[in-house]
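Subject: Structure for you to look over

Dear colleague,

I am handing over the structure below, together with some notes on what was found in it. Please read the notes with the sequence and the 3D view open beside them.

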Amino acid sequence: DVDAGTFTNTASVTGTPPTGDNVSDTDDDTQDLPPVPSINLIKEGTLDLGANSQADAGDEISYTFTVENTGNVTLSDITIDDIIPGVAISGGTITLEPGEKDEDTFTGTYTLTQDDVDDGSFTNTATVTGTPPKDVEVTDSDDDSQSMEPDPSIELLKTGSIDMGSNGRVDAG
């Protein structure tokens with residue numbers, strides 16, 4: 001009824017008078033049920049630092065997405081898009097009834113570049129889109145930020161040798 005946007009109810013009444021045929025009447029009532037489509041997205045990322053416990057180019061951020069229908073009408077063709085090229089999102093389109101939540105369909109990954117590590121953080125935003133029965137699409141966005149502690153280090157190993165010349169000893173020069 002809510003997805004249809006209206007509800008009509010018809011009632012009939014019949015009465016028996018003291019004499020004569022029964023009398024009856026019918027009347028209906030139509031109520032408009034205004035749609036209030038709404039959707040919510042929560043994006044959470046986990047950075048896998050690898051064995052060295054520091055952010056390096058090639059480390060991956062794994063994303064999970066929670067999508068909830070926060071409106072009063074069914075949402076269909078729900079998809080998630082990410083604005084950063086290179087973020088791979090998996091999961092097909094879904095449909096959610098009002099109040100229904102999905103935490104398992106959509107996942108994503110991103111592989112850090114050296115520029116990301118040099119910047120010290122990586123933030124990206126995803127957008128969820130759903131289509132209500134009789135309205136335009138609804139969207140919501142959420143972002144995730146990953147901080148990467150800089151861990152600069154350098155190592156120098158210097159070795160030397162002395163050229164003792166033809167006399168086999170160290171001389172000036």
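The notes below take up a sheet, a salt bridge and a surface patch in turn.

Please keep in mind that this is a predicted model, in which local features need pLDDT of at least 70 and side-chain atom pairs count only at pLDDT 80 or more, while totals for chains, interfaces and linings use all residues. Residues are numbered from 1 along each chain as its sequence is written, and side-chain values use heavy atoms, with hydrogens and water left out.

The sheet is an open one, formed by 4 strands in the order β7-β5-β10-β11 with antiparallel pairing; strands here are DSSP runs (E, at least two residues), numbered from the N terminus, and two of them pair if DSSP finds at least two bridges between them. Its edge strands are β7 (94–96) and β11, each of which pairs on one side only. Direction ignored, neighbouring strands of this sheet are turned by 30° against each other on average, where the axes are lines fitted to C-alpha atoms and angles run from 0 to 180 degrees between N-to-C directions. Strand β10 (residues 121–131) pairs with β11 over 10 bridges in the antiparallel sense, and T123 has S145 in β11 as its bridge partner.

The structure holds 1 salt bridge, a term that stands for a side-chain nitrogen of Lys or Arg within 4 Å of a carboxyl oxygen of Asp or Glu. D82 forms a salt bridge with K43, and the closest N and O atoms are 2.7 Å apart. This pair links distant parts of the chain, since D82 belongs to strand β5 (residues 75–82) and K43 to strand β3 (residues 39–48), 39 residues apart. D82 counts as buried at 17% relative accessibility, and K43 is buried with a relative accessible area of 3%; buried means under 20% relative accessible area, exposed over 50%, and partly exposed in between (1.4 Å probe, protein chains only). Leaving aside residues up to four places away in sequence, D82 touches K43, V87, I89, N124, T125 and A126, contact being heavy atoms within 4.5 Å.

Finally, I162, M164 and V170 make a nonpolar surface patch of about 310 Å², the area coming from the Shrake-Rupley method with a 1.4 Å probe. Patches are made of residues with over 30% relative accessible area and no salt bridge, with like charges joined within 9 Å and nonpolar side chains (Val, Leu, Ile, Met, Phe, Trp, Tyr) within 5 Å. I162 lies in the segment after β11 (138–147) and is exposed, with a relative accessible area of 61%.
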